[in-house]
Amino acid sequence: MRSTSRSATLALVLALAACSSAQSGTGRVATASSSGELAQGVREQTADEQVKQALNRVSFGARPGDAERVRAMGVDKWIELQLSPGKIDDRSAEQFVAKFPVLAMSPAQLLQDYPQPNQLIREKRREMARNGETVLRDSSGSKFSGLDFTAADSARYKEAGRLSRQMLVELQTAKVARAVIGDRQLEEVMVDFWENHFTVFAGKGPERYFLGQFERDAIRPHALGKFRDLLGAVAKSPAMLYYLDNWESTVEADRPSLVLRANRGGGNGRGRTAIVRNARLEAMGKDTTKKPRARGLNENYGRELLELHTLGVDGGYTQADVVSAARAFTGWTVEKPREDGSFAFRPALHDAGAKSFLGHTLAPNRGIEDGEQVLDIVATAPAAAHFVATKLVRRFVSDSVPAELVDRVANTFTRTDGDIRECLRTIFTSSEFFSRAAYKAKVKSPFELVVSALRVVGARADSTPRTAQMIAKLGQPLYGHLAPNGYPERGDAWINTGAILARINFGLVVASGKVPGASLAEWTDGAQLQSLPHGAQVDGIIRSILGGEASPDTRRVLESGVNPMASDSASAATKLTGFENIVGLALGAPEFQRR
Amino acid sequence: MQRRVFLKSGALALVTMGLSPSFLRRMVYAQGMPAPQKGKVLICLFQRGAADALNIVVPHGDASYYALRPNIAIARPGAADGAIDLDGYFGLHPSMAPLKPLWDRGMLAPVHAVGSPSSTRSHFDAQDYMESGTPDVKGTPDGWLNRFLATKGTCDECKVPASPFRAVAFAQQTPRIMEGPAPTIAMSSLNDFTIRATGSDVERLEALYRTGSADLIHGAGAETFDAVKMLKEANPQRYAAEHDAIYPKSPFGQSLKQIAQLVKADVGLEIAFADVGGWDTHVNQGGATGQLANRLGDFAQAIAALVTDLGDRMDDVVIMTMSEFGRMAKQNGNGGTDHGHAGALFVIGGHVQGHKVHGKWPGLAQEQLNEGRDLALTTDFRAVFSEVVHKHIGATRTDALFPGFTSTTAVGVV
């Protein structure tokens with residue numbers, strides 16, 4: 001990396017010397033002048049760098065004027081404000097996303113208004129059966145001939161397909177818009193962080209119907225709250241229950257389930273519990289006789305809860321703990337997932353036997369308390385504190401995670417009962433956060449790259465799917481990660497041959513004005529620069545887009561009107577490029593790939 | 001990672017500062033790298049949506065087949081619109097006629113009753129398992145093709161950096177099967193693999209990545225420009241289809257055409273991947289004609305064109321198809337088929353054990369069906385995959401490709 005402890009020391013010495021150069025002094029000076037609600041560690045970064053660091057990490061990158069505003073307010077004060085999103089007026093983002101009604105709708109409403117295309121086929125089938133019509137007919141090549149699909153039915157089917165895709169597109173568009181124009185930036189960063197930590201995949205069956213609710217009701221309210229609340233909201237979210245299959249995980253046939261007396265009708269005098277075979281059949285009725293489904297325990301959620309959500313892969317649990325966790329969550333399911341889609345606990349499907357989990361004994365004959373206790377245990381486990389702290393530090397500080405900082409964040413986690421805001425405060429007040437090693441140390445993910453590019457040129461929110469499509473093309477389709485481990489958090493995973501090509505081309509697309517909402521003509525910094533001579537334009541673009549930090553080589557390439565790769569001076573004759581070209585080069589430059 | 005570090009430090013050794021030496025280095029690199037040899041190529045084709053194996057490789061010799069599928073079965077060979085007989089017991093769907101010549105030449109090796117031992121009927125899960133190579137294990141971070149690249153890439157004889165076009169997926173995003181630490185390229189089409197700028201800007205962008213810091217981003221950027229240049233010079237698009245091969249105009253057909261172009265351009269392609277959807281035929285799948293027939297027509301024509309186009313190069317190429325599971329043996333109430341269990345796949349190449357339907361046929365009598373409803377599984381897909389990668393492209397550590405799986409008997413397909 002760029003820094004060594006020697007250069008860090010040098011920076012500090014210079015800072016103490018309080019040289020009054022063109023730069024606005026050192027961090028020490030700046031932090032001393034800010035009203036420090038945030039504690040102050042030694043900061044290797046200059047005051048200017050601290051502003052950029054904060055904007056690059058606490059937000060998705062600077063918009064025009066942001067650096068000046070943060071500097072005027074004081075870095076610490078601005079971070080403190082971001083830690084309390086409720087105090088930030090976020091009207092413009094709210095107004096924008098209000099254009100997308102799907103965001104506010106429940107899964108049940110969505111399933112009603114945006115029916116799944118296959119649902120229409122099922123309905124048609126039922127309707128024909130009711131009318132005594134025979135459904136079977138050899139194909140004439142038309143997809144729906146056997147169903148007597150009328151032209152109107154066909155149109156409905158097509159429209160349903162379009163709408164159900166549109167629904168996902170709107171969720172993606174809103175997510176991008178909030179990141180680009182929202183003022184509660186840290187909240188957006190944390191929503192993104194937790195959505196990736198608790199990743200679900202929109203392409204799995206009806207999952208997309210649950211996504212809006214997931215973000216709105218499970219993730220966002222707790223993004224800066226208590227980890228246990230977040231974990232609980234996710235555990236009960238139809239999105240996670242469906243994605244990790246817990247909705248169909250039931251007591252094994254040879255184990256006791258929990259059945260309320262009322263449901264037993266008559267009762268057999270054995271009290272609250274009884275052995276129930278085929279509990280699922282009983283609870284689900286006819287549907288399951290038609291299409292046999294795998295019944296019994298599904299360990300998927302139990303495993304990922306431990307491995308990916310809380311303790312981490314080396315978190316000290318065994319396969320027996322996975323099974324116990326899975327048993328504890330039997331009966332945590334979704335109310336008619338294809339029709340209603342809200343959380344339900346079904347005693348008849350719950351394994352009521354005693355369980356041993358991570359050294360704790362879960363008493364027999366309990367219901368939903370089993371799962372709640374498992375969540376309590378994992379949310380307070382030291383391994384979880386360490387695991388979550390590591391991920392936060394990796395997101396906000398560096399891929400090479402400073403171990404001491406992780407320990408301090410984990411301590412905060414434990415001390416504050418898993419208070420996410422306090423963990424973040426520990427990070428943002430650390431000397432590691434403002435260290436030289438952490439400066440520009442992170443490689444932007446495709447989502448971060450696109451959002452930061454649009455922010456830096458002062459783009460309006462894109463109401464079309466275009467931006468989300470570009471992010472997908474760069475390799476990070478939103479809500480589109482298939483596996484439960486989420487998108488990579490380390491830079492090296494995002495950087496490869498194809499990726500750089502796509503990133504460069506993305507910068508060129510932005511500069512050419514082909515991204516809806518991003519117009520260089522509307523970019524005020526840009527408008528001012530347009531009229532200046534070439535050299536001044538380059539300076540301005542380096543200042544605005546690269547934060548004033550271009551390597552000498554990059555500066556030379558941007559400045560030179562000549563073709564730097566040409567071997568003979570004849571073809572190297574001045575080929576001055578326009579303003580757009582310089583912007584495209586800057587957005588495609590290696591420097592812009594980092595934050 | 002190792003490779004990038006090597007490249008970058010190589011660059012630093014040659015170059016101190018300034019731009020033209022870097023350009024020079026690029027030339028040195030390009031010349032110093034031996035032209036990739038005509039190596040073995042594996043082309044994997046994924047039929048997403050669970051293709052109906054029983055109507056693709058038709059068991060016309062099994063009487064139960066016709067009882068289970070009164071409306072959608074493919075008639076016996078000889079009848080109107082009947083199956084194309086292969087061996088007196090199995091036949092191809094009539095839309096698969098373009099593949100019959102491959103069978104006759106011993107290049108087509110169907111494997112029947114093959115698939116994943118997982119009992120899942122979820123497309124999502126089953127595709128995941130087939131691509132990760134680990135049935136019923138969801139946490140596997142990488143795809144098995146990438147594990148092949150990663151484990152094979154460490155061989156001693158690989159003194160020169162692997163070609164950036166070693167593994168190419170014709171897809172918008174890297175498919176699960178290719179995800180992992182080894183570099184791969186995903187592109188929608190060859191046209192996409194270019195810098196969307198005009199001459200001078202392209203060179204200036206290149207200069208940005210060839211100078212300055214020796215970090216990950218610069219290293220990958222330098223590789224990118226090497227790759228773009230390499231592709232431009234190889235100009236695969238100059239290869240018109242040969243031997244009167246006619247590719248369908250469908251996206252799948254065009255993907256296969258471009259795979260052939262990459263093979264012919266000798267850019268070091270070792271693994272290619274493309275996928276094709278439309279196989280989830282719950283409703284009115286049709287028989288000899290109709291929905292499935294149309295899909296199969298495109299599928300077979302595209303593969304036949306690829307084989308024809310590649311000509312003698314097929315000696316070094318194996319094409320392997322796959323689909324996440326088969327469909328129910330019995331037709332459903334909508335003239336379609338619901339999700340089943342075992343399926344069928346094709347292994348095609350100049351050196352495969354063709355002209356034989358591989359795999360043990362479990363039969364379609366009621367008691368022979370999986371869960372009383374589907375074609376039972378007799379061959380684990382990993383047995384076929386590991387045999388193909390081992391025998392065709394020299395994977396030695398198939399245990400690393402398919403952890404937890406040991407093949408007990410050879411399938412004998414290659």
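These exercises work through helix packing and aromatic pairs in a predicted model. Local features need pLDDT of at least 70 and side-chain atom pairs count only at pLDDT 80 or more, while totals for chains, interfaces and linings use all residues. Residues are numbered from 1 along each chain as its sequence is written, chains are lettered from A in the order in which they are written, and side-chain values use heavy atoms, without hydrogens and water.

**Exercise 1**

Task: Classify the packing of helix α9 and helix α11 of chain A.

Solution: 
- Locate the helices: α9(A) spans residues 151–181 and α11(A) spans residues 208–219.
- Take the geometry. The angle is about 25° and the axes are 9 Å apart. Axes are lines fitted to C-alpha atoms over the stretch in contact, and angles run from 0 to 180 degrees between N-to-C directions.
- Apply the classes: under 35 degrees is roughly parallel, over 145 roughly antiparallel, 65 to 115 roughly perpendicular, the rest oblique. α9(A) is therefore roughly parallel to α11(A).
- List the contact (heavy atoms within 4.5 Å). Ser164(A), Met167(A), Leu168(A), Leu171(A) and Arg178(A) of α9(A) meet Arg208(A), Tyr209(A), Leu211(A), Gly212(A) and Glu215(A) of α11(A).

**Exercise 2**

Task: Do likewise for helix α12 and helix α17 of chain A.

Solution: 
- α12(A) covers residues 227–235, and α17(A) covers residues 300–310.
- Their axes come within 13 Å and cross at roughly 150°.
- The two helices are therefore roughly antiparallel.
- Phe227(A), Leu231(A) and Ala235(A) of α12(A) touch Tyr301(A), Leu305(A), His309(A) and Thr310(A) of α17(A).

**Exercise 3**

Task: Describe the ring pair of Tyr243(A) and Phe124(B).

Solution: 
- Set the rule. Rings of Phe, Tyr and Trp (its six-membered ring) pair if their centres lie within 6.5 Å; planes under 30 degrees apart are stacked, over 60 edge-to-face, the rest tilted. The count is 29 aromatic pairs over all chains.
- Read the geometry: the centres are 6.0 Å apart and the planes stand at 55°, so this pair is tilted.
- Place the residues. Tyr243(A) lies in helix α13 of chain A and Phe124(B) in helix α5 of chain B, so the pair joins two chains.
- Check burial (buried is under 20% relative accessible area, exposed over 50%, partly exposed in between, with a 1.4 Å probe and protein chains only). Tyr243(A) is buried at 2%, and Phe124(B) is buried at 10%.

**Exercise 4**

Solution: 
- Phe90(B) is buried at 7%; Trp361(B) counts as buried at 18%.

Note on methods:
Helix = DSSP H or I, 4+ residues; strand = E, 2+ residues; numbered from the N terminus.
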